[in-house]
Amino acid sequence: MSYIRLISLVIGIMIGLNLNAQKPSKLDGLWSLVTSKIIYTHPDTLRKTIPYLKQIELLADKEQNDQSWALSQIYLSYCYLMNEESEGLGRHNRKLGKRIYKLELEDGILDIIVPAHHFLNGKYFYDKGLYEQAHLYYQKTIDDLIRLVGVDENGTIKYMSLDDVFIMNAQDLFNDVALTYYKFGDFDKALDFYDIAVRLADKDKKARKLNNKGLSYLELGRMSEGISCILEAERINPISDSEYDRQTLSLIYKNQSYYYHLRGMTDSATYFILKALDVETKDEFKVKIMQQQLRILGQNTESAVAEQVFGELSSLTQKQMGYYHPDMSRNFMLLGNWYMSRNEWELADTQFGNGIRILAGKEKGACDCAEIDGTTISDKRMALEIIHKKAYVLSQVNRGEEAMKCFVLLDEVISALRKKYIINDESKYFLAEITKGMYADAISNAIRMGDVERAYSFSNASRSMVLMQQVQNKYAVNSTAIPKDVLAVGEQYLVSLSELEKQMENARLKKIEKTTKELDDAILTQSRLYEKWMQQLEKDYPLYYNMKYHSMDLSVAEINSRLRKEEATIFEYFSLEDRMYVFILDGRDLEVHETRIDSSFHSDVNQVHAAISQYDMTKETYHAFIESSYRLYQQLLAPFIKEDGVRNIVIIPDEELYRIPFEVLLRKKPNSRTMADVNYGQLDYAVWHLDFSYNYSTNLLQFTHDETCPPSFLGLAPTFTNRDIEPLKDNHLEVQAISELYDGARTFLSEEATTLALKQHLGASNILHLSTHAIFDDANPLDSRIELADTSLYIYEILALDHQLDLAIMSACQTASGKRRKGEGVVGLTRAFIQSGCPSVIASLWDVPDKQAMRIQQEFHQLLVQDGLRKNQALSSAKRSYLERTFTHRTHPFFWAYFVQIGDTSPICKGTLPWKTILYGSLVLILGITIGSFFKKLKKD
């Protein structure tokens, strides 16, 4: 909707309401004069309107005409906005804000003024570089509009009705919301809002919105999609001499330059930035363009040239935005980058310090990271880069203590972004990916300083924090008295949102444009409704809020205390391309070891995975497996295993180490005489000596139970008579046999193994055993699922399950598989159960052979429930038992190594036996007593 229509609409409403009685008044005359001028949105014309609006303000205030007074404030703010007079905009926003809910306004006028006021507040704060405050007001505007226009039967905002209720520009609102998400680094969420902005945009404004969308794609590393959007924006941008079109073209050239810069094509990047500078005449946009120009200056550029560009850029920025605007901080960061590329460390440090000081709102002077609060720093996404650069430079010049302070500040900012500002999970995974290298530098600096505990805390902070946040939220929900009907609303939002996102990904894969547009609308609406519900939950239940956001990081002393109790040792790996840090906690001490790795290490991991995940008895594969598996044992375990140490080993893997079970690594190679035969049963696997469990993070150790008491078993083994799914041969036999070990077990076999049966009985069970098919969809992870007799249980439905599970066993193919995310581990079905609040999962790394899986699972449950072993000990013992009783080619790891135990290792209640065992034991005892009494009597006689 154009601003001309904006004015016409409001004036029409005012006339219709007959704001000033029957006879013409001075107010009427002033409004007529304003109307004749304000329809021309040129800044000079609007500037001339300001005196008349001020007269209306004074007169309306004097006559207590609240509606005229409120509208005068909206129009004054609008005029200042169009004239880029930030202080005037802010002044009138504040003036209206103090009185808006005290005014006597009719509903029609109030519905116009409130969202317009929120939007203009957002504009003011965004221009000031206060993106968090801007985002808050933009979200309020969207909430206002959802309330006014409602949602349709598909749960989607009635977008085409926005123009009827919003006197500002709806396309600008969604574009500006996207810009704030972009500033937080939530690029995926920004794309959702840019999609709406592009669709709502007037023909002459669509190009700029599309160009913004392309930039978000570039930031996510989706280069082809990014440049496609940018080139399309160039194609549709109107060819004219208008200032707006020239500015749009210059921004398009700037983004093309950035694209080529990211690809390392400096000549092309320089060509487009010069084109952008040639087109642009407005200072505000020149700032963005010259920042890109400074970014692409190479280390061979003369100092005078770089400093001249920086000087001009800083002068423009300060004049246009003020010294403490984040863009001034960006200028210092870019100059610091240039000095750093030339190894001019001290000069680089000074520039980075200046940039951090501006973001923190500190006065001029030296920058001390220890004096800055990471939660209040502005433009946190940019702060990541500049703080990291300063910390890195300080570590390079052996100022380790100062570097440590900066790395601690960096950790605070990352934590704030994860918890409060980045909403979309995909963007959280992206944040984990880009910050892993930052944490690597922090670990390296801490080790050089001899601070092993600090190094470990950085390693812990880098891994699986998205999962940790999700688990902590579930824990907070379960630990506070939130009514179930309240939680059900949020769970329904979450399931609906996940279902829509799954449909969206499938539509994108099939390139169904119309469907993706409809789904875009629905996703945006549902996500905002869910966010608003979550905000209300945090407000209404302060205990929940405190538990959700309270830091639950375990100290080294707390971890070691738990390990002593469990007689366990943790091996935590932090992997990079060229090196690996190994942290070892054994209940007493913390050690860290750095080991260099190269392409041969990555090759060995791939070779072991390939050899064991499929059945191959060739000599070539056998010998390759032995060599690779032995080398990995020597690198990953041998230097750190103590002969007198405990058997109970917790592995926290990283990167590709998630692909292999450590049980198959070889302590020794067979001698040359026996190497001639392909005999997997003779090999000295680590599982013969150690009991392994796995976890995503040591912080998850706190979400455990001492024992599962009493065991309550629920088993499902479906058939698929009415579904086009391959039947399983022995799954019902597996569940039946296992259920006999448990007293009061609930089992659902064949067609009875439905989703309804699962959900109805899950709340009364703490051990779940699923023997069925599972599918992980790498292209669309939300389409991953477990198959039941009637339908599929999708990954997002697992997240919403209401349960009290202590252990979930997925006896199905590749249930431990998933999409590996840097810093986060494997995202798949296993993680979904842990995220849903189940502390322990047993899952498979590759396709499960039915008969062998049944043998191992029966043995596992027997050791678990009858012998009272810990979960990892029971599984490792079951694997050893299998190998001891098997003397054929079935000793190949393909047949026994697939199951891994992830999470809490606590045992089932010792002494809790099924009713049959109790009955038989009682009979034997009675019989023994009877026989004993009989012989005693005989002896007496």
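The following legends describe close-up views of a predicted model.

Local features require pLDDT of at least 70 and side-chain atom pairs count only at pLDDT 80 or more, while totals for chains, interfaces and linings use all residues. Residues are numbered from 1 along each chain as its sequence is written, and side-chain values use heavy atoms, with hydrogens and water left out.

**View A. Packing of helices α9 and α10.** Helix α9 (residues 170-184) packs on helix α10 (residues 187-200) at an angle of about 165 degrees, and their axes are 8 Å apart. Axes are lines fitted to C-alpha atoms, for helices over the stretch in contact, and angles run from 0 to 180 degrees between N-to-C directions. Helices α9 and α10 are therefore roughly antiparallel (an angle over 145 degrees). Helices are DSSP runs (H or I, at least four residues), as are strands (E, at least two), numbered from the N terminus. In the contact (heavy atoms within 4.5 Å), the residues of α9 include Phe174, Tyr181 and Tyr182, and those of α10 include Phe187, Phe193 and Tyr194. The residues of this contact comprise 14 nonpolar, 2 polar and 1 charged; Ala, Val, Leu, Ile, Met, Phe, Trp, Tyr, Cys and Pro count as nonpolar, Asp, Glu, Lys and Arg as charged, and the others, Gly among them, as polar.

**View B. Packing of helices α20 and α22.** The axes of α20 (residues 400-421) and α22 (residues 452-462) lie 11 Å apart, at an angle of about 25 degrees. The two helices, α20 and α22, are therefore roughly parallel (an angle under 35 degrees). Met404, Phe407, Val408, Asp411 and Arg418 of α20 make the contact with Arg454, Phe458, Ala461 and Ser462 of α22. Of these residues, 5 are nonpolar, 1 is polar and 3 are charged.

**View C. The buried side of helix α31.** Asn731, Glu734, Val735, Ile738 and Ser739 of α31 (residues 731-739) are buried (under 20% relative accessible area; exposed means over 50% and partly exposed in between, with a 1.4 Å probe and protein chains only). These residues cover an arc of only 120 degrees around the axis, which places them on the same side of α31; the arc is that of the directions from the helix axis to the C-beta atoms. The buried residues pack against β8 (713-718), β9 (746-750), β10 (767-771), β14 (807-811) and α35 (850-865).

**View D. Two serines with positive phi.** Serine 464, in the loop between α22 and α23 (465-479), has phi near 50 degrees. Serine 464 counts as buried, at 1% relative accessibility. Serine 750, in strand β9, has phi near 55 degrees. Serine 750 is partly exposed, with a relative accessible area of 31%.

Methods
Parallel < 35°, antiparallel > 145°, perpendicular 65-115°, else oblique.
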